[in-house]
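Trainee: I'd like a close look at one part of this model, the aromatic rings and the sheet. Please take it step by step.

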Amino acid sequence: MAGKRILITTGDAGFGHRSAAEAIAAALAERHGGEVEVFNPMDDDRVPKALREGQHAYDDVVQDLPRLYKMAYDSSDATVPASVLDVALTVALFGVVRDRLRNYDPDAVVTTFPLFPAVIGAVRTIEGGQTPLITVVTDLTETHRIWYSQASDLTVVPTGEARQVALDHGLAADRVEVIGIPVDPAFAGERRAPAAIRGELGWDPDLTTLLVVGSRRVRDMGGFLRMLNHAGLPLQLAIVAGGDDALYAELQEIEWHGPTHTYNFVENMPALMRASDLILCKAGGLIVTEALACGLPLLLIDVLPGQEEGNAEYVVEHGAGELAEKPMDALAILYHWLEDDGQLLAERAGNARQIGRPQAAYEIAERVWHADEELASAEADQAEERSKLSELLSRYDVPWQS
């Protein structure tokens, strides 16, 4: 069992996909050992430049051209466009994925990126293999059709809403499981009392603490920070600039009117979240999932079109947070959360704990580790499908027989 090899494929459009992959890898290493590799096929030089570099431009596109991104997201979330995209990706990535599968020879393949299930499935069909494929969806509710491939032996989704989308797109009920979005196992492992962590961090152990996570790309971040600084609320602030050097420099120049602790890039986010009472952030899938795993109420201040809209709706509908479009809206929300000795804040925290899934990485790791025993595809006659695929690849001069 210890000799198993697990290949986790992911992409780098945003932070969430790779973070989910690394969380699964960490949980596998802790529970089982074995050999685990996290691999991004789009980093290979053989991949078309537009695709290879496009993943790194994701943040700029969704921030600078949100309407264009929303239009592209919605228009591709239909049967024909999604099928065309699958074909294009198979042609572009087939050789890279095939070579990695051949060389690594994994006992199971996991993907946390929506562009890869169809490609991996195509390679498996051509090669005639039975290696199980597990897709881990990293969006809460607004999930794109391309996530849901018949090639996946198991599709892990974070919510009941996402499961229904999977069923609506034709996946069999016994091949879809609600487990959650995997977060770093350290979020489950951090069990110290908040006051103890605050003391270790040099914070006031007794003050209600608001964690602020963002960057200059969060819309009107400066306006929200000015509001917090001048609001006079009974709060201690911990502000993380997310590795944005320019924002961090600005934070150092501000004359803060209350207890405030500023950070640039951090590697102890589980401790910071466990030490806090609430969080102000954008509606990104990663930060939302991590906050819920810690039972933190969310004050959301920026929602990008597409999947982030679903993230915000999920948080609000479950009473785990609220959305503030403007700084004054955030001030009103904070005032109401803190009044009456924080009664509403405590209610929001209880709701966040109910929908948080801090153990998701461990649960997924167990399913992955035993996938070759439970999920391997049944032997079947794939001659017709293999013939169609080989014809397609030959048409585009993809050397599928090499």
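Mentor: Start with burial: a residue is buried under 20% relative accessible area, exposed over 50% and partly exposed in between, with a 1.4 Å probe and protein chains only. This is a predicted model, where local features need pLDDT of at least 70, side-chain atom pairs count only at pLDDT 80 or more, and totals for chains, interfaces and linings use all residues. Residues are numbered from 1 along each chain as its sequence is written, and side-chain values use heavy atoms, leaving out hydrogens and water.

Phe113 has a relative accessible area of 5%, so it is buried. Phe116 is buried too, because its relative accessibility is 1%. Now look at their rings. Rings of Phe, Tyr and Trp (its six-membered ring) pair if their centres lie within 6.5 Å; planes under 30 degrees apart are stacked, over 60 edge-to-face, and the rest tilted. The structure holds 1 aromatic pair. Phe113 and Phe116 form it: the ring centres are 5.1 Å apart and the planes meet at 50°, so the pair is tilted.

Next, the sheet. Helices (H or I, at least four residues) and strands (E, at least two) are DSSP runs, numbered from the N terminus. Two strands pair if DSSP finds at least two bridges between them. An open sheet has 6 strands, paired in parallel, in the order β2-β1-β3-β4-β5-β6. Its edges are β2 (35-39) and β6 (176-178), and each pairs on one side only. From one strand to the next, the twist averages 20°. Go to the β2 end. There, β1 (residues 5-9) runs parallel to β2, joined by 5 bridges. Leu7 faces Glu37 of β2.

Two helices lie across strands. Contact means heavy atoms within 4.5 Å. Axes are lines fitted to C-alpha atoms, for helices over the stretch in contact; angles run from 0 to 180 degrees between N-to-C directions. Helix α7 (residues 160-168) lies across β5 (154-157) and β6, and runs at about 170° to β6.

Finish with charges over rings. The test is NZ of Lys or CZ of Arg within 6 Å of the ring centre and within 35 degrees of the ring normal. Arg100 has its charged end over the ring of Phe39, 6.0 Å from the centre. Arg31 lies over the face of Tyr362, 4.0 Å from the ring centre.
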